[in-house]
Amino acid sequence: MAAAAPPPPPTPAPEGFNDVPRGSTPMGYPLFSRIRLAHPTDVPHIHKLIHQMAVFEHLTDLFVATESSLSSTLFTSPPFQSFTIFVLEVSETPFVEHLQCNNSAYPPTVKTHNLDLPIDDPERDLFRSNGGDAVVAGFVLFFPNYSTFLGKPGFYIEDLFVRECYRRKGLGKMLLSAVAKQAVKMGYGRVEWVVLDWNVNAIKFYEEMGAKVLQEWRICRLTGDALNAYVNA
């Protein structure tokens, strides 16, 4: 029997292939995201996110919330029956612990994003999640409301915020989609929120998500002294 032919020489790697920066792949720079229910240990991060949102909206004069006030009011009822928060986490390595998650109220949602460039997060250590590799990148806070016209409950989104360095990566869409998906799952009729009229980027984003901006409606609010004046009414 004739001897087998020797194997062909290995194909040389394409020029520059071995020079791919650490953390990148031929597909780009992977970013792994996860949306999960918040728990009380997230309050310090949530408080910092709300403050950053107040700065972005030029409303820091209205920001008086403390970690203590958030802790005592946000986790008093089961998820989706009252105030509910989804926390958005990101990591340079895949999330694996979600496979063992036994939270039947809302199993975490995970996704992989292939980015053209790595993200420089100057606040990575400040927002590190529970001492792991993941960092908190954003959140959405919502609660049930009711439409008498539809005869159905819905969700009202009080806040949706993504930290600046993680914007325009599809993460805000993930948060809004998570709330809308939960509303559909529960048979709710709609999801509502408000947007500042000068925030044209947000308005465009919401319209692209299928939302209708109701120009004819105005917000009415009683708060502070105007509200307290009714104590003896």
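Trainee: Is arginine 168 buried or exposed?

Mentor: This is a predicted model, in which local features need pLDDT of at least 70, side-chain atom pairs count only at pLDDT 80 or more, and totals for chains, interfaces and linings use all residues. Residues are numbered from 1 along each chain as its sequence is written, and side-chain values use heavy atoms, without hydrogens and water. Buried means under 20% relative accessible area, exposed over 50%, and partly exposed in between (1.4 Å probe, protein chains only). At a relative accessible area of 74%, arginine 168 is exposed.

Trainee: Where is histidine 58 found?

Mentor: Phi of histidine 58 is near 60°, a positive value in a residue other than glycine. Helices are DSSP runs of H or I with at least four residues, strands are runs of E with at least two, and both are numbered from the N terminus. Histidine 58 is found in the loop between α1 (43-56) and α2 (67-74).

Trainee: What is the relative accessibility of leucine 227?

Mentor: Leucine 227 has its place in helix α5 (residues 224-228). The residue counts as partly exposed because its relative accessibility is 43%.

Trainee: How many disulfides does the structure hold?

Mentor: A disulfide is a covalent bond between the sulfur atoms of two cysteines. The criterion applied is a pair of cysteine sulfur atoms within 2.5 Å. Cysteine 165 is partly exposed at 22% relative accessible area, and cysteine 220 is exposed at 75%. The number of disulfides in the structure is 0.
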